[in-house]
Amino acid sequence: MIKHLVQVLIQKEILDKEYREEYEYVLATKFEKIVAYSILLLVAFGIGKSIQGMVFAISFASLRQTTGGFHAESFLGCLFGSVLTLLSVVMIIVPLAEHYVEVVGILLLLSIVCIVCLAPVNHPNLALSQEEKKKHRCLCIVVLSVELGIIGIGEYLQVHFQRYMIAAVILCAVFILLAKIIRQEVQDSEKKW
């Protein structure tokens, strides 16, 4: 479908033929994101946790775009993992965490240290240059700081939405560590120029 769309746009001289692969890649990833977020929203709505699911998904995606971390090998694997992660957070992790506040606090602090020290993970699909890594690191710190500020305000106001943001920060750190452990990160010497 994407290839056909790009072909039609090239034939109508809207797109340049020289960049066909880039157009196909960008459109495919945008389409996959739309599908994934729609399914996540439907799942969250289906279990009666649409607001909680959106808070988690937005917080997690915002931070994860800058931190990188473990990536599934296929879109279906990613989609399945995303649904499983969302269900785990809203149905198991956050309700369980309410009983272990001190443990969650310690995990949050360890996660912050992990993100600040190890992010971004240079995934093979990204192949970030040194300059891009620096930009991602700075952006990561900004996003993390904003999310921590919102979490702090939520704690001060004694509301519950920030628990889903805390779970997002912790899971971003988990995915960073997982990518490092299984050596999914591209090293500078491995890049193809």
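Which helix is Y164 found in? Y164 is found in helix α7, and I'll come back to that residue in a minute.

Some housekeeping before the tour. This is a predicted model, where local features need a pLDDT of at least 70, side-chain atom pairs count only at pLDDT 80 or more, and totals for chains, interfaces and linings use all residues. Residues are numbered from 1 along each chain as its sequence is written, and side-chain values use heavy atoms, with hydrogens and water left out.

On confidence, then: pLDDT is the predictor's confidence in each residue, from 0 to 100. The protein chain averages 89, and 95% of the residues score at least 70. Element by element, helix α5 (residues 101-118) has the highest mean pLDDT at 96, while helix α1 (residues 2-11) has the lowest at 79. Please be careful with residues 189-193, where the pLDDT is below 50; that stretch has seven contacts in the model beyond near neighbours in sequence. By contact I mean heavy atoms within 4.5 Å.

Okay, the overall layout. Helices (H or I, at least four residues) and strands (E, at least two) are DSSP runs, numbered from the N terminus. The C-alpha atoms fill a box of roughly 60 × 40 × 30 Å, taken along the principal axes. Of the 193 residues, 32% count as buried. Buried is under 20% relative accessible area, exposed is over 50%, and partly exposed is in between (1.4 Å probe, protein chains only). And if you take the contacts with a separation of 6 or more, residues 24 or more positions apart account for 75% of them.

Now helix α3, residues 50-67. The buried residues of α3 are G53, F56, A57, S59, F60, A61, L63, R64, T66 and T67. What do they pack against? They pack against α2 (20-46), α4 (75-97), α5, α6 (130-157) and α7 (162-181).

At 7% relative accessibility, Y164 counts as buried. Leaving aside neighbours within four places in sequence, Y164 is in contact with Q52, V55, F56, V89, V90 and V94. The C-alpha atoms of Y164 and G53 are separated by 8.0 Å, although the two residues are 111 residues apart along the chain.

Next, helix pairs. Two packed helices are described by the angle between their axes and the distance between the axes. The axes of α5 and α7 come within 9 Å and cross at roughly 50°. That makes α5 oblique to α7. For reference, axes are lines fitted to C-alpha atoms, for helices over the stretch in contact, with angles from 0 to 180 degrees between N-to-C directions. Under 35 degrees is roughly parallel, over 145 roughly antiparallel, 65 to 115 roughly perpendicular, and the rest oblique. The α5 and α7 crossing is left-handed. Left-handed means the near helix is turned anticlockwise from the far one by less than a right angle, and right-handed means clockwise. On the α5 side, V104, L107, L108, S111, C114, I115 and L118 meet I166, V169, I170, C172, A173, I176, L177 and K180 in α7.

The other pair is α1 and α2, packed at an angle of about 135° with axes 9 Å apart. These two are therefore oblique to each other as well, but here the crossing is right-handed. The residues meeting across it are I2, K3, L5, V6, Q7 and I10 from α1, and R20, Y23, E24, L27, A28 and F31 from α2.

Most residues other than glycine have a negative phi, and most peptide bonds are trans. The bond from A119 to P120 is cis, with omega near 0°, and P120 lies in the loop between α5 and α6. Q158, in the loop between α6 and α7, has a positive phi near 55° and is exposed at 67% relative accessibility. R183, in the segment after α7, also has a positive phi near 55°, and is exposed with a relative accessible area of 73%.
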